[in-house]
Amino acid sequence: MIIAAVAGIAFFVTLFKLPEKRSLGILILLIPFAVIDTRYGPVNLILIFVAAFAFLLQGRLTRVPLLGPILLIFFAFMIAFSQSQPETHFYHIIYMVGFVSNILLFYMVYNYVSRTNDWQYVVRCLIWLNVAVLVYCAIQFASGDNRVTFLGIRELSLLPIRKDGRLVGPFNATAATAEYFTFQCLILGYLLLHKPAKLLRRIMLGMIALNLLFLIATGNRGGFVTVLVGMMLFMLAYRRELGLARIAKMTVGSVTLFTFAAIVVVNYTDYNMLFDRLEGTEIEGGVPDTRAEVWPIAWQKIVEKPIMGHGPRHAISTRNTKVESVEYVPYPHNLLLEVLYTTGIVGVVAWITFFTILAMHLFRIRKARIPDRKLATLPKLGLIILLVFFVSQLRIEFLRGALLDYQNYLFVLFALFLSTSDLIRRQLQEPDLAHGFGKSADFIRSDPRNLVA
């Protein structure tokens, strides 16, 4: 704790010396790699708060988009908090403090991109983060259930695989890790869309292959489904940019990469449970066998407090640890049921409002005609990732308290897509661009969608 306090002060001072982009890059690259993790949260939580405070003092946090929906989410949290058991209040407060870090990181990324127009730097950070995650997973993949520790320091150690032999990655969750690999494959596919140099293209294809290999090693059936859904949506959304010939090549290439990764995992490793689990999947009364027990339990609890919920944080008591008289309620493995259980209908309305406004920002300018085609095609990627995210969240819930690092990653994505959509709107309102399309500037300013095909 002393070391953490000294490091926090040093980090705060350093933030005033480092360029903003480097500070932000450090925060993004550290997202899943918390050196210190306690019952109160990872050290990254403190770093985000310290960085946000420094940015605020430097006048870097001036714009707060989606403030209404975000305040509505916190309103739902507070209403649910009032309904929770007194002995759980401490845990709910810790959870809400952790959730604030998502919002702070969201605004730091948004303001940086909006002010500098350097959205590609955030994308590069996400790619370098993907490289770091792949290295982590490769070590975990090779070491299995042996915990790898550096310099004999437990805090500098890598998580072992799950007890049932499935890869968990740095997020320590098979479903979240599989979803992460799906999103990164889509981002890499988007970069390949714009024909990078030959060497860079080969590196990206190799990263996609490794993402697919480690996705299979998680043994997560939902991840297998979402990566297929993501691939189909990607081909559909970018069919004009790709053309029939490139779609055929990309389809064949994607299937080949996935097949190769599957052959390697099934025949040469011990992580071959994905296809066995897929084959053994059964549907009971329209519900997958793995959800047949937890969904009814969640619903029974939801009907007890359907409007305001039971409290922001779920699963305070676990199978192995009971907190006073708090009943253990398993996760429902479904985002809608999770929100209904924790924050009730008020929470559902809040989250629907947040995601609807975010999606509408992207939808309205998905066909915008601006000179920067790389930027112009980014909203489509945002919409694809949101659709895949909603499909994926039918079988997991990103709002778990243990997935704070993964929540940080998601809110970086949300901020990237929202800020770039605003950059496009700004370009649509430029007078030179307006006259270039044979329309008056006043006509364009009256409604930027006049430039949308």
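This is a predicted model: local features need pLDDT of at least 70, side-chain atom pairs count only at pLDDT 80 or more; totals for chains, interfaces and linings use all residues.
**Entry 1: a pair of helices.** I looked up how helix α4 (residues 67-83) lies against helix α5 (residues 89-116), and found that their axes come within 11 Å and cross at roughly 175°. Angles over 145 degrees count as roughly antiparallel, so α4 is roughly antiparallel to α5.

**Entry 2: who touches whom.** Next I listed the residues where the two helices meet. From α4 I noted L67, I70, I73, F74, F77, M78 and F81. On the α5 side I found H89, H92, I93, Y95, M96, F99, V100, I103, F106 and Y107. Sorted by class, this contact of α4 with α5 holds 15 nonpolar residues, two polar ones and no charged ones.

**Entry 3: along α5.** With 28 residues at 1.5 Å a residue, α5 should span 40 Å, and its end C-alpha atoms are 41 Å apart, so the two values agree. Just after α5 I came to N117, which takes a positive phi of about 65°.

**Entry 4: stepping back.** How many helices and strands does the protein have? I counted 18 helices and six strands. Of its 453 residues, 51% count as buried. I then looked at contacts with a separation of 6 or more, and 75% of them join residues 24 or more positions apart. Last, I noted the surface: the protein exposes about 21100 Å², with carbon and sulfur atoms supplying 65% of it.

Notes
Residues are numbered from 1 along each chain as its sequence is written. Side-chain values use heavy atoms; hydrogens and water are left out. Axes are lines fitted to C-alpha atoms, for helices over the stretch in contact, and angles run from 0 to 180 degrees between N-to-C directions. Helices (H or I, at least four residues) and strands (E, at least two) are DSSP runs, numbered from the N terminus. Angles under 35 degrees count as roughly parallel, over 145 as roughly antiparallel, 65 to 115 as roughly perpendicular and the rest as oblique. Contact means heavy atoms within 4.5 Å. Ala, Val, Leu, Ile, Met, Phe, Trp, Tyr, Cys and Pro count as nonpolar, Asp, Glu, Lys and Arg as charged, and the others, Gly among them, as polar. The expected span of a helix is 1.5 Å times one less than its number of residues. Buried means under 20% relative accessible area, exposed over 50%, partly exposed in between (1.4 Å probe, protein chains only). Accessible areas come from the Shrake-Rupley method with a 1.4 Å probe; for residues, only the protein chains shown count as cover.
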